Structure formats: structure tokens, C-alpha cells
Amino acid sequence: MIEVKNLVKRYGNHAAVNDLSFTVETGKVVGFLGPNGAGKSTTMNMITGYIAPTEGEVLIDGIDIMDEPELAKKNIGYLPEIPPLYPDLKVREYLSFVAELKKVSKKDRDIEVHKIMSKTKTLDVSERLIKHLSKGYKQRVGLAGAMMGNPDILILDEPTVGLDPSQIIEMRELIRELSKNHTVLLSSHIMQEISAVCDEIIIINEGKMITKDTPENITKKMVDTNGVHVVVKGDKTKLKEALRTISGIKNVSYDNDKDTEEDTTGLTIYCAEDEDIRVDLFYALAKAECPLIEMNKLDTSLEDAFLALTRGGSKQYGGRKLKKLKSEKKDKAETEGELQNENENQNSEKNADISGELDVSETEKNSSDMEGGEK
Ligand SMILES: Nc1ncnc2c1ncn2[C@@H]1O[C@H](COP(=O)(O)OP(=O)(O)OP(=O)(O)O)[C@@H](O)[C@H]1O
């Protein structure tokens with residue numbers, strides 16, 4: 001178990017980490033998320049005893065890392081953002097050297113090195129010089145070094161940074177495998193990675209804790225996501241009458257007519273939490289002779305939640321700010337080649353827009369009214 005208590009790290013007047021407290025329970029995989037400069041690496045460096053905190057303490061399985069560093073560090077394997085590899089050593093030589101540093105007995109060393117190379121799938125490059133390895137293999141060798149000595153806790157700082165998509169998948173699988181018998185604290189800026197492998201997520205910004213929760217709860221907390229976006233053909237008056245027959249609807253927001261085909265209406269229907277109106281909606285629209293052309297459940301990604309939580313948005317600030325952040329995010333994602341499902345983003349954007357701006361008591365409003373303040 002890792003216990004971080006009121007941790008502070010100041011560089012001059014700047015607090016890189018500012019009164020941070022959290023616990024990582026034994027056996028859990030916890031994601032450590034934050035924008036650039038949030039203080040992730042600084043925190044990890046303090047947890048692993050690489051740098052001393054200005055204030056506060058870190059306990060590793062109850063042992064203070066500053067008071068008893070050697071004992072506490074025995075339980076930790078650390079993969080820093082740039083693994084400290086020796087480029088002129090062969091993989092096997094390097095791992096034997098790490099084993100020696102970590103006091104693996106001479107008689108067990110070869111077996112241990114072989115075991116870890118097998119786990120990290122580095123056996124096929126064991127006789128190659130580290131400097132000739134691909135980035136993906138270098139990360140695996142770094143991870144193999146962190147695993148040496150069989151520590152219970154693994155601290156991994158951006159383990160997938162710079163890897164190509166197939167290497168990312170392989171690294172993610174490896175982390176998932178390791179999570180079966182290790183406590184893992186993993187920093188990353190890739191939302192999918194965090195939600196794919198972590199039990200819990202800690203979000204920090206400007207050195208301070210923003211939240212700690214499961215990926216699902218973080219997403220849920222942020223915006224009222226429950227509802228559907230539909231495109232319906234036929235008479236709008238009949239459509240409105242049909243909607244009145246369905247219980248559980250909180251809000252309806254109509255798309256701009258110019259965005260929909262002639263004779264069709266696009267609308268987003270927001271519902272109470274845990275309410276699923278899709279079946280009722282289907283029958284009500286059929287009865288009203290308004291054929292359903294499209295129906296999509298609203299969704300909000302963890303990435304939306306992260307942006308809103310760390311930089312302001314969602315309910316707290318209203319949708320406009322989040323909308324601006326989303327366009328920034330889109331630019332960034334395009335640059336990084338990480339742009340995912342555009343439809344999902346559009347849906348969650350509509351959802352986020354509405355969550356901050358609509359009066360819940362209002363049952364119907366044209367979307368152009370909702371965004372009136374922006375124009
Ligand atoms: N040795 C140092 N001297 C002065 N400032 C530092 C030092 N190390 C880190 N900082 C500052 O502390 C803040 C937190 O940095 P840190 O590297 O921990 O952030 P991070 O969340 O890991 O960012 P990234 O995702 O970009 O790696 C930044 O403002 C950084 O400039």
C-alpha cells in the first residue's frame with residue numbers, strides 16, 4: 001500500500017506539488033492523470049524516494065521512504081518517464097546488472113533475469129545492444145528492470161509514451177497481466193489507457209488533487225449524460241405530442257433545421273438518471289406515424305471529464321467553456337493522431353452544452369435559444 005500524506009514540493013516560490021494526499025490500496029491499479037506540468041513525475045519521484053519532499057510524508061507498506069529508504073525501496077519498482085538504460089550493454093547484461101544492484105543473489109540471478117525477460121517478452125532481443133532496440137522494446141527492458149527483485153509495487157511514469165499503436169496495446173496487456181499480482185500506480189495522458197487498465201483514477205492539476213474515483217464514476221459525476229439523440233421523419237406537432245406520452249424525459253433540445261434533411265427533425269432527449277426511454281420512444285413515435293430514422297445513446301468520454309475537471313467546464317462553468325476546450329482538445333488530438341470517434345464527441349459536446357445551460361424545469365427549448373449568449 002502507498003500512503004501519500006500532505007505532500008508538498010516547492011521549487012523556489014513555485015509549488016510543483018501542493019498538499020497532496022491519497023492512498024493506493026494493495027492490489028489496485030491506480031491511474032495518475034493530469035495535464036503537462038501537473039506534478040505527476042514530481043509526485044512519483046517523491047514516492048520512489050528519488051527526490052525529497054519539502055513537506056509531508058510517503059509510506060510504503062507503512063515504511064517511511066525518507067526515514068528508511070533502503071527498506072521501503074525494496075518493495076518498489078520504478079519505471080521513470082525516460083528509463084535509465086545503458087545503451088552499450090546487451091539486454092541480458094543490463095538486466096543482470098540491475099539484478100546485482102537490487103541484491104538478487106548471484107546463484108538466482110540468471111534464473112531471475114530469464115524469468116523477467118520471459119514475462120516482458122524481451123527474450124528474443126536478449127543478446128542485442130540496447131541502443132539498437134526499438135522504443136517499444138526499450139520500454140519493456142525498462143519495465144523488466146523495474147520488476148527485478150520482485151517488488152510488490154510498480155510505479156510507471158507514462159509507460160506508453162512514444163510507442164506506436166501496436167506497442168501501446170502490448171504494453172497495456174503487460175500492465176494488465178502485472179496488475180494481477182502487483183499494486184500499480186500508472187501515469188498517463190491517454191484516457192483510453194487509464195480507463196482500460198485502472199481500478200481507480202487520481203486526477204491532479206497544478207500540484208493539487210482534483211478527484212479520486214473509478215473511471216465510471218468520474219465520467220458520471222461530470223455531466224448529466226443520460227439520454228438519446230434521435231432523427232425523426234414527419235410532422236413536428238405529432239412528434240411533440242408523442243413525446244408528451246413518455247415518462248422520464250427531463251429536457252428536449254431540437255437541432256437547427258438547417259442541419260437536418262427536409263421533413264426530418266433532429267433532437268436530443270435528456271432523461272432522469274437510470275431512465276431508459278428507448279423502447280417507449282420507439283413505440284410512441286411509431287404510433288404517431290413519425291418514423292425513427294436514427295437513435296444514438298448519449299455518451300461522455302473520460303477525456304471530456306478530465307478536461308472539465310482539470311480546466312473548468314461542465315456544470316460548474318456552463319457548456320460554452322467546455323465547448324471551447326473541446327475544440328482545443330480536437331486540435332491536440334488531431335496533432336497527436338489520437339482523434340477517436342467523432343460522433344461520440346459530438347454527442348457528448350451537445351450533452352455538455354446543455355448540462356450547464358438549461359433549466360431542468362424547462363421541457364422544451366430550441367437549441368438556437370440555448371446558445372444565444374454565444375452569438
Ligand atoms: N527540478 C525542477 N526545478 C524547477 N521546477 C521543476 C523541477 N521539476 C519540475 N518542476 C516544475 O514542477 C511542475 C511539475 O512538473 P512535473 O514534471 O512533475 O509535471 P508532470 O505532471 O509530470 O508533467 P508532464 O506530463 O509534462 O511530464 C512543472 O511546473 C515543472 O516545470
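Helices (H or I, at least four residues) and strands (E, at least two) are DSSP runs, numbered from the N terminus. Glu216, for example, lies in helix α8, residues 215-222. The structure is a predicted model, in which local features need pLDDT of at least 70 and side-chain atom pairs count only at pLDDT 80 or more, while totals for chains, interfaces and linings use all residues. Residues are numbered from 1 along each chain as its sequence is written, and side-chain values use heavy atoms, with hydrogens and water left out.

A residue is called buried under 20% relative accessible area, exposed over 50%, and partly exposed in between (1.4 Å probe, protein chains only). Accessible areas come from the Shrake-Rupley method with a 1.4 Å probe, and for residues only the protein chains shown count as cover.

**Helix α1**

- Helix α1 covers residues 40-47, and because six of its eight residues are buried, α1 is largely enclosed by the rest of the structure.
- The buried residues of α1 are Lys40, Thr42, Thr43, Met44, Met46 and Ile47.
- Ser41 also lies in α1, but Ser41 counts as partly exposed because its relative accessibility is 25%.
- Ser41 and Pro80 are 39 residues apart in sequence, yet their C-alpha atoms are 8.0 Å apart in space.
- After α1 comes Gly49, which has a positive phi near 80°.

**Salt bridges**

- A salt bridge is a side-chain nitrogen of Lys or Arg within 4 Å of a carboxyl oxygen of Asp or Glu.
- The structure holds twelve salt bridges.
- Lys103 and Glu70 are both exposed.
- Another salt bridge is formed by Lys131 and Asp88, whose closest N and O atoms are 2.8 Å apart.
- This pair links distant parts of the chain, 43 residues apart: Lys131 is in the loop between α4 and α5 (135-147), and Asp88 is in the loop between β6 (76-79) and α3.
- Lys131 is partly exposed because its relative accessibility is 42%, whereas Asp88 is exposed because its relative accessible area is 54%.
- Lys107 and Asp108 also meet through their side chains in a salt bridge, at 3.5 Å from N to O.
- In this pair, Lys107 counts as exposed at 68% relative accessibility, while Asp108 is partly exposed with a relative accessible area of 33%.

**Surface patches**

- Patches are made of residues with over 30% relative accessible area and no salt bridge; like charges are joined within 9 Å, and nonpolar side chains (Val, Leu, Ile, Met, Phe, Trp, Tyr) within 5 Å.
- Tyr86, Phe97 and Leu101 make a nonpolar surface patch of about 300 Å².
- Phe97 belongs to helix α3, residues 91-101, and Phe97 is partly exposed, with a relative accessible area of 31%.
- The place of a charge is taken as NZ of Lys, CZ of Arg, CG of Asp or CD of Glu.
- A patch of negative charge on the surface is formed by Asp235, Glu241, Glu262 and Asp263.
- Glu241 is located in helix α9, residues 236-244, and Glu241 is partly exposed, with a relative accessible area of 47%.

**Cysteines**

- A disulfide is a pair of cysteine sulfur atoms within 2.5 Å, and by this rule the count is zero.
- Cys271 is buried at 1% relative accessibility, and Cys290 is buried at 1% relative accessibility.

- Asp19 has a positive phi near 60° in a residue other than glycine.
- Asp19 is placed in strand β2, residues 14-24, and is partly exposed at a relative accessible area of 43%.
- Asp61 is not a glycine either, and its phi is positive at about 45°.
- Asp61 lies in the loop between β4 (55-60) and β5 (63-64), and is partly exposed at a relative accessible area of 36%.

**Back to helix α8**

- Glu216 is exposed, because its relative accessible area is 54%.
- Glu216 and Ile201 are 15 residues apart in sequence and 9.8 Å apart in space, C-alpha to C-alpha.

Key: Lys and Arg count as positive and Asp and Glu as negative; His and the chain ends are not counted.
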